[in-house]
Amino acid sequence: MHCQAGFSKSPRDSDTLQFSNARETYRKFDMKRTVIITLFAAIVGAGVAVFAYTQIVPFPYDITTRADAFEPENRDWFYQNASEVFPTRTVRKGDGQPFERVEGQLDGFSFEYAGRARTLSDLFTDMETSGLIILHKGKLVYEKYDRGATSGTHLATFSLIKSFTSTLVGFAVGENLIKNVEDPLTDYLPELAGTAYDGVTIKQALEMSSGVRFDPDGPENAKDTVQFVTDSVVTGKKPAFDIAVSYPRAVKPGTVFNYNTAETQILLELVRRVTGKPASVYLEEKLWQPLGMVHDAGWVLDAPGRDGVEIGGAFFNASLLDWAKFGQFIEQNGAWNGEQLLPPDWVGKATRSKEPHLQPGKVHPNPNRGYAWQWWTYPDGTFEATGANGQTLYIDEANNIVVARSGAWTEGWVKEHDEETFAFFKALGEWDFSKSTALAQESNLAK
C-alpha cells in the first residue's frame, strides 16, 4: 500500500492510491464524526463529548491532519515525517557502525538518457530525488541529500518495506518457526479457513499470486487500496489484518500476479503469529541490532498503543543509510560480519523466479521488471525493492553495487523517471570504479 501521495495512473509498484479521492473520503468521515461530537456536546456537555471523540480518534492522530499530509504541497514534509502523523512503534538502532567512505570512485560518471548525457546531480533535478546513496563492495562511494532531507531523516519507504517483511519470513524459516514456504497459510493462521486465503500457500502470498481479488479495475480505480488504507491506518476503524482477509477469491492461486498491499499484511501476521512478537521487535532483533543500524526507525501501526499492529506493506520510516545497510546485507546473501543470518538459499529464492506468470512483461508496465518474493526482478539478475513516488533499493550482486534512493515524485509511478532510473542503474553496473579511483589518486598527487 504504498500509502503514498500522488499515486499514479499506471502501475503496480505504486499501489497507486488515488489520494485525491482518498482525502475526500477521510474528510467525509471526519465531518460525520464532528456532527456526532457536536450533538454529544449539546446533550451531555462538552467534557463528555471530548472524551467520546478521543475514543473514536485517539488524540493527536486526528483524521484531518492525516488527510492534509497527503496534499501535494505537503509531500516533502510528509515523506520525511510520517511517524509524526500516525501511531508508530520504534525500532531501536544498533551500535551505529558507519560505512567506510571512499572518495573519487564516481568522478566523471555519467549516463545517457533521452539522447543526452546525465550526471548524478541530474537525478536530483530531473526527478525530485531527496536522497541518494551508492555502495560499492560495501563501501560508501556517494551520499547526497536534498529537499530538506539529511542523513538522519526518517524517510518513508512506502511499499519498499514489503521486501523487509519478506525477509522477516526468511528469518522465521531459518528458525524453523515456519517449516516450508509451500505450507498452506492455514497451517499457521487457522482463522483463514473459509476465507479466500484458504488453500493459499506462503509462497503464493510472497509472490502476490494468491488469486484474491484486489483492485480488479486496476490502479486507476484503486477502491480496495483506498479502503484498506482508510479503514486501517487513517481512521483506525478496523485492524489491517481483518480487512486483508475480507476480499473474495478471483482466480486459482498461483496462476496470476496481482499487486495487493493487503496481501503483505497476511505475511506480517504470519511473522507475528509464529514468533509471538510484534514485527517491530522481530525486525529489531534480526536486522536493526545485528547490522548496527545508525538510527532508530519507526513502523506505523493500525491503532495506537499496545494493540496496534504494524502495516506490513507500507508506512515504514528509516534513514537512507539504514535502507542501504539492509541492501548491503541482502547483497551479501544475508550474511553480516562473516555470520550467515538468513538461510543461505533464501536471498536467491526471494529475488529470482521461474514462475511463468511472474516474468518480465507480465507484472508491470516497465517490461524489464518481473517479480519474486516481494522483490522486483530484472532479467540480468539485478533486483530491487520499490515504494511509490521514487523510493528505491537496487541491488546488483554481480557488480557489488547497492543503491538507495528516496524521492518525492509527483505521482506514484512516473514512466520517464523509471526509464531514466533504469538507464542510471545499467550505466552504474558498467562503470569501472577502480579506474576512477586511480584517476582521482593521480589528480591528488599532481596537486
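1. Contact, as used throughout, means heavy atoms within 4.5 Å. On that basis, residues 24 or more positions apart account for 68% of the contacts in the protein chain that have a separation of 6 or more. The model is a predicted one, in which local features need pLDDT of at least 70 and side-chain atom pairs count only at pLDDT 80 or more, while totals for chains, interfaces and linings use all residues. Residues are numbered from 1 along each chain as its sequence is written, and side-chain values use heavy atoms, with hydrogens and water left out.

2. The protein chain has 15 helices and 15 strands, these being DSSP runs numbered from the N terminus (H or I with at least four residues for helices, E with at least two for strands). Of its 447 residues, 58% count as buried, where buried means under 20% relative accessible area, exposed means over 50%, and partly exposed lies in between (1.4 Å probe, protein chains only). The protein chain exposes about 17500 Å², of which carbon and sulfur atoms supply 51%; accessible areas come from the Shrake-Rupley method with a 1.4 Å probe.

3. Two packed helices are described by the angle between their axes and the distance between the axes. Here axes are lines fitted to C-alpha atoms, for helices over the stretch in contact, and angles run from 0 to 180 degrees between N-to-C directions. The axes of helix α6 (residues 161-174) and helix α10 (residues 261-275) come within 10 Å and cross at roughly 30°. The pair is therefore roughly parallel, since angles under 35 degrees count as roughly parallel, over 145 as roughly antiparallel, 65 to 115 as roughly perpendicular and the rest as oblique.

4. On the α6 side of this contact are Lys162, Thr165, Leu168, Val169 and Ala172, which meet Thr261, Thr264, Leu267, Leu268, Val271 and Val274 of α10. By class, the contact of α6 with α10 comprises seven nonpolar, three polar and one charged residue, with Ala, Val, Leu, Ile, Met, Phe, Trp, Tyr, Cys and Pro counted as nonpolar, Asp, Glu, Lys and Arg as charged, and the others, Gly among them, as polar.

5. Helix α6 also packs against helix α12 (residues 320-331), with axes that come within 12 Å and cross at roughly 45°, so that α6 and α12 are oblique to each other. In this contact Ser163, Phe164, Thr167 and Phe171 of α6 meet Phe326, Phe329 and Ile330 of α12. Its residues divide into five nonpolar, two polar and no charged.

6. Ser166, also in helix α6, counts as buried because its relative accessibility is 1%. Not counting residues up to four places away in sequence, Ser166 touches Leu206, Trp346, Trp373, Gln374 and Trp375.

7. Glu384 is found in strand β13 (residues 383-387) and counts as buried, at 2% relative accessibility. Leaving aside neighbours within four places in sequence, Glu384 is in contact with Arg369, Trp375, Trp376, Tyr378, Thr392, Leu393, Tyr394 and Phe425. Glu384 and Tyr371 are 13 residues apart in sequence and 9.6 Å apart in space, C-alpha to C-alpha.

8. Helix α8 (residues 223-234) is largely enclosed by the rest of the structure, because ten of its twelve residues are buried. The buried residues of α8 include Asp224 and Asp231 as well as Val226, Phe228 and Val229. Gly236, which follows α8, has a positive phi near 65°.
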